[in-house]
Amino acid sequence: MSPVTELISLAEAQALILERARPLPSERIALDEAAGRFLAAPTTAAVDLPPFRSSAMDGYALRSADTPGALPVVFRIAAGAPAPRALAVGEAMGIATGGVVPDGADAVIPHEYVVESDNQVEISGAVASGANIRNPGLDVAAGEVVVEAGVRLGSPQIGALAAAGVAEVVCTRRPRAAVLTTGTELRAPGSPLGPGEVYEANGVMLAAQLAGTGAEVIRLDAVADDGAGHRRALEQGLEYDVLVTSGGVSVGPHDLVRRIEAELGVDEVFWRVAVRPGKPVSFGVRGETLVFGLPGNPVSTLVGCELFVKPAMLALQGAADPGPRFAAGRLGQTVARNPVRDDLLRARSTVTDDGVSLEPVAGQESHMIVRAAEADALVLVPRGDGELAAGTVVRFLALS
């Protein structure tokens, strides 16, 4: 397959990636270990929920036909205990929220609507049949789907599955992602800097971004700009489900990544996307391994990971909607458009009465990662002539 080397659109690049990001094999795991994982199959309820007729209130179980009137309280039913016997005509039983409604009772009246004295309740008005009773299966019936495949399990889904009697779930395996940064100039944060050297930030940033998708992230040691070092590191990284590199994907004499990857059997799908920052991004495959080459400028790395790598990681886990998921907001100021590339502007978002207002931060150059730290959104400004006026509705990605 010949790679696409001309500038392609953001949408085309995303489609080419998702075509190749097929879900990984599944595995069965305990529910209490499944937070953040993606279901590989629909999961059904093991029991009716509620599993029995239960009270929705603290009050008294009774027969609606006996109201209004005065009724003796013959027993008090606690949550978790069975009803002692069926309710006879002309009786009431005290009952806690969640308690088993006894046979014979067809309603529950809350405490605050009765007057009780000497184990007798006075009910001044008629109580409707079925009042304050939760019937079996009202929430879900045994065998019905609780959570669909492709859903990421958060606390609401975990709670629902546990309540429905589910102890284990089938989830897609977490992808294993290797992160490799390249450049002779890179030094670990905290070490002394020599002439021409900079601190290595992209590796730890990428690891944080990918960990948020549920991936198992392995950071490889940064490599200098020499062929042997690149080859050793890339060979190691290609053993994982995903390899993400930063730097070395442009056309300079020290940009070695794409050439050596090709020598190692990586089939390049495309190189260069019509976005700013991050144009020289590359994507390829070797066997089942997805290979992303991101530019070395930190903001380009940040943006490229959000647009291309993170959706692939979610697709590998079978996500129903891997994204990227754009929301709508309004520009807080007028911005210029780029005639040939879509711009991703770093911005601060504010919730207003009219929706979300997006204010681009100062310093949009691709090396200004500290300025980007002020932002919590990437605003997509489509390519074109002229400007987008303040108040224009645009799409944006939230940065977590």
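Analyst: The buried residues of helix α3 are N202, G203, M205, L206, A207, Q209 and L210, where buried means under 20% relative accessible area, exposed over 50% and partly exposed in between (1.4 Å probe, protein chains only). The helix spans residues 202-211 and is mostly covered, with seven of its ten residues buried. Helices (H or I, at least four residues) and strands (E, at least two) are DSSP runs, numbered from the N terminus. The model is predicted: local features need pLDDT of at least 70, side-chain atom pairs count only at pLDDT 80 or more, and totals for chains, interfaces and linings use all residues. Residues are numbered from 1 along each chain as its sequence is written, and side-chain values use heavy atoms, with hydrogens and water left out.

The cover over the buried residues of α3 includes strands β13, β16 (216-219), β17 (242-246) and β21 (289-294), together with helices α6 (298-316) and α7 (369-372). Within β13 (residues 176-181) lies T181, which is buried at a relative accessible area of 5%. Beyond its neighbours within four places in sequence, T181 is in contact (heavy atoms within 4.5 Å) with L186, E200, N202, G203, A222, V223 and S246.

Turning to the charged pairs, the count comes to 16 salt bridges, each a side-chain nitrogen of Lys or Arg within 4 Å of a carboxyl oxygen of Asp or Glu. In one of them, R231 pairs with E263, with the closest N and O atoms 2.3 Å apart. R231 lies in helix α4 (residues 227-237) and E263 in helix α5 (residues 257-263), so this pair ties together parts that are 32 residues apart in sequence. Both ends are partly exposed, R231 at 31% relative accessibility and E263 at 43%. R231, R259 and E263 are linked in a network of salt bridges.

Another salt bridge joins the side chains of R276 and D343 (2.7 Å, N to O). Because R276 lies in strand β19 (residues 275-276) and D343 in strand β24 (residues 342-352), the pair ties together parts that are 67 residues apart in sequence. Here R276 is partly exposed at 36% relative accessibility, whereas D343 is buried at 4%.

A further salt bridge links R325 with D321, the closest N and O atoms being 3.3 Å apart. R325 is exposed, with a relative accessible area of 61%, while D321 is partly exposed at 44%.
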